[in-house]
Amino acid sequence: MVLRIILNLIKEGPGLMRHPLRTKPLLAIAAIALILAATGAPARAGDTVVEIKLAEGHFEPQTLTVPAGQPLVIKVTNATAKTAEFESFRLNREKVVEPGQVIVVHVGPLSAGSYDFYDDFNQAVPQGSIVAR
Amino acid sequence: MMRVRAAARRDAAPVRKYAMRAAIAAAAVLVAAQLLPAAISNPPVTGDIGAPGGVGVALRAACYDCHSNLTRWPWYAQVAPLSWWIARDVEHGRRELNFSTWNTYYPVTRLRKLEWIGRSLAQPGMPPIWYRAMHPGARLTTAERAALSAWVAAQIAAAQSAR
């Protein structure tokens with residue numbers, strides 16, 4: 001069975017299994033990504049930092065205005081007793097937030113427009129929006 | 001010569017002893033792990049998405065094991081610690097998207113789910129590589145991916161016009 005899985009991985013492999021030397025840079029990138037994911041990459045000067053709190057049944061604030069064309073750091077606090085998932089299709093982000101936890105979401109410079117976000121695990125929570133101007 | 005062989009056997013003895021102890025300890029841990037069963041179940045289907053024909057077949061083959069209540073649990077899903085990993089992945093998959101409880105989603109939630117499905121289909125990462133390695137039949141062909149994408153796009157258009 002193990003052999004079958006390895007063969008399938010090789011068939012699948014976008015070069016990953018066929019060239020073991022290529023796995024080293026990939027492992028390094030994965031390690032850096034893991035560290036950043038665990039610690040949260042720090043906000044850089046010039047980043048706009050905004051905070052959103054998920055309270056019982058709603059986001060606070062529900063609408064935020066941010067400058068367009070600047071990287072954005074969103075700090076999301078889950079102040080409810082339920083696990084939530086901060087999600088935005090337009091921002092292409094989804095991240096689970098355990099009760100009492102704070103997560104940090106980094107977003108590249110936004111074009112002017114409105115970007116909806118919502119709690120994917122609790123659909124009754126009204127969606128919020130980030131307006132980039 | 002005889003003396004050299006005897007000395008080599010003497011040197012190897014502690015290594016063999018430790019290897020044997022490690023193997024026994026690993027076996028004991030594996031047996032003990034079976035006492036902690038994973039939550040493996042298929043809750044009732046309350047309302048399936050009802051995808052038609054080939055689209056439904058492709059969805060069931062590639063997506064339903066993690067994203068529905070009709071999971072086909074493999075035999076190794078009964079063996080810890082693999083069972084813990086598989087059960088956690090299925091639980092996570094169902095929480096993200098469950099085709100078996102499609103009727104419980106609000107219209108806006110359905111639209112969001114469809115949009116994410118469309119995006120996932122445009123990327124090669126879904127189904128995940130480890131899952132495809134274990135289930136070669138779950139690999140979507142280019143034609144299946146195109147048919148699914150077209151169907152999802154039609155569903156999104158219908159959902160948007162209904163809003």
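**Exercise 1. Determine which residues P67(A) contacts, leaving aside its neighbours within four places in sequence.**

Solution. Leaving aside those neighbours, P67(A) is in contact with T48(A) and R133(A). Two residues count as in contact if their C-beta atoms, placed from the backbone, lie within 7 Å. The structure is a predicted model, in which local features need pLDDT of at least 70 and side-chain atom pairs count only at pLDDT 80 or more, while totals for chains, interfaces and linings use all residues. Residues are numbered from 1 along each chain as its sequence is written, chains are lettered from A and ligands numbered from 1 in the order in which they are written.

**Exercise 2. State where P67(A) is found and whether P67(A) is buried or exposed.**

Solution. Step 1: P67(A) is found in the loop between β3 (63–66) and β4 (72–78) of chain A. Helices (H or I, at least four residues) and strands (E, at least two) are DSSP runs, numbered from the N terminus.

Step 1: A residue is buried if 20 or more other C-beta atoms lie within 10 Å of its own, exposed if 12 or fewer, and partly exposed in between, with C-beta atoms placed from the backbone. Because 12 other C-beta atoms lie within 10 Å, P67(A) is exposed.

Step 2: P67(A) and V131(A) are 64 residues apart in sequence, and their C-alpha atoms are 8.3 Å apart in space.

**Exercise 3. Describe the make-up of chain A.**

Solution. Step 1: Chain A has 2 helices and 9 strands, in the order α-α-β-β-β-β-β-β-β-β-β from the N terminus on.

Step 1: Of its 133 residues, 17% are buried.

Step 2: Among contacts between residues at least 6 apart in sequence in chain A, 56% join residues at least 24 apart.

**Exercise 4. Trace the open sheet of 5 strands in chain A.**

Solution. Step 1: The strand order is β3-β9-β8-β5-β6, with mixed pairing. Two strands pair if DSSP finds at least two bridges between them.

Step 1: The edge strands, each pairing on one side only, are β3 and β6 (93–97).

Step 2: Strands β8 (residues 113–119) and β9 (residues 128–132) of chain A run antiparallel and are joined by 5 bridges. Here G113(A) stands opposite A132(A), and F117(A) stands opposite G128(A).

Step 3: Strand β5 (residues 84–88) of chain A pairs with β8(A) in the antiparallel sense over 2 bridges; F86(A) has D119(A) as its bridge partner.

**Exercise 5. Identify the residues that touch the most other members of the largest nonpolar core.**

Solution. Step 1: A nonpolar core is a set of buried Ala, Val, Leu, Ile, Met, Phe, Trp, Tyr and Cys residues joined through C-beta atoms within 7 Å.

Step 1: The largest such core has 17 residues, of which A58(B), L59(B), A62(B), C63(B), L148(B) and V152(B) touch the most other members.

Step 2: The elements giving two or more residues to this core are α2 (53–62), α3 (64–67), α4 (82–96), α5 (107–121) and α7 (142–162) of chain B.

Step 3: A second, separate core of 16 residues includes L54(A), A84(A), L110(A) and A132(A).
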